[in-house]
Amino acid sequence: MTRLKELRKEKGYTQVKMQLLTGIDQSDYSKIENGKRYYTFEQCKRIAVALNISMDYLAGLTDTKESYPRSADIHRLAEM
């Protein structure tokens, strides 16, 4: 999960900030980031929205960080 840690640091976010943005408990987020726990689909989606990247990039399926165009529902999730 080095990619996830790098992305978070690029944004200047702490794990606590990620907790606020995603609703994922900081200790769980830390485990995900350090590869001690896998994230669920919903957690992956929330992380991707918070970091404004594609889920494919998080999953290591692509090296392109840019997210796909999002629907209005996802924009509301990002504002939470």
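Read from the N terminus, the elements of the protein follow the order α-α-α-α-α-α, and the secondary structure amounts to six helices and zero strands, where helices (H or I, at least four residues) and strands (E, at least two) are DSSP runs numbered from the N terminus. The model is predicted, so local features need pLDDT of at least 70 and side-chain atom pairs count only at pLDDT 80 or more, whereas totals for chains, interfaces and linings use all residues. Residues are numbered from 1 along each chain as its sequence is written, and side-chain values use heavy atoms, with hydrogens and water left out.

**Overall figures**

- Of the 80 residues in the protein, 30% are buried; buried means under 20% relative accessible area, exposed means over 50%, and partly exposed lies in between, with a 1.4 Å probe and protein chains only.
- The accessible surface of the protein is about 5,200 Å², and carbon and sulfur atoms account for 50% of this area; the areas come from the Shrake-Rupley method with a 1.4 Å probe, and for residues only the protein chains shown count as cover.
- Among contacts between residues at least 6 apart in sequence, 44% join residues at least 24 apart, a contact being heavy atoms within 4.5 Å.

**Helix α1 and its buried side**

- The buried residues of α1 are L4, L7 and R8, and they cover an arc of only 95° around the axis, which puts them on the same side of the helix; the arc is that of the directions from the helix axis to the C-beta atoms.
- As a general point, an α-helix has 3.6 residues a turn, so residues three or four places apart point the same way.
- The cover over the buried residues of α1 includes α2, α3, α4 and α5, while the face turned away from the buried side carries the exposed residues T2, K9 and E10.
- R8 counts as buried because its relative accessibility is 8%, and, leaving aside residues up to four places away in sequence, R8 touches Y13, T14, Q15, M18, Y29, E33 and L51.
- E10, which also lies in helix α1, counts as exposed at 53% relative accessibility.
- The side chains of E10 and K65 are joined by a polar contact of 3.0 Å; a polar contact is a pair of N or O atoms within 3.5 Å, of which, within protein, one must be able to donate a hydrogen and the other to accept it, and residues adjacent in sequence count only if both atoms are side-chain atoms.
- The C-alpha atoms of E10 and L51 are separated by 9.5 Å, although the two residues are 41 residues apart along the chain.

- Q15 belongs to helix α2, which spans residues 15-22, and counts as buried because its relative accessibility is 16%.
- The side chain of Q15 makes a polar contact of 2.6 Å with the side chain of Q26, and another polar contact, of 2.9 Å, joins the side chains of Q15 and E33.
- Not counting residues up to four places away in sequence, Q15 touches R8, Q26, Y29, S30 and E33.
- In helix α3 (residues 26-33), the buried residues are Y29, I32 and E33; viewed down the axis of α3, they fall within an arc of 95°, so they line one face of the helix.
- These buried residues of α3 pack against α1 (2-11), α2 and α4 (41-51).

- V49, found in helix α4, is buried, with a relative accessible area of 10%.
- V49 and T22 are 27 residues apart in sequence, and their C-alpha atoms are 8.4 Å apart in space.
- N52 is found in the loop between α4 and α5 (55-58), and counts as partly exposed at 44% relative accessibility.

**Positive phi values**

- N52 has a positive phi of about 55° although it is not a glycine.

**Rings and charges**

- The charged end of R3 sits over the ring of Y57, at 3.9 Å from the ring centre, and K17 lies over the face of Y13, at 5.6 Å from the ring centre; a charge sits over a ring if NZ of Lys or CZ of Arg is within 6 Å of the ring centre and within 35 degrees of the ring normal.
- A search of the whole structure finds zero aromatic pairs, where rings of Phe, Tyr and Trp (its six-membered ring) pair if their centres lie within 6.5 Å, with planes under 30 degrees apart counted as stacked, over 60 as edge-to-face and the rest as tilted.
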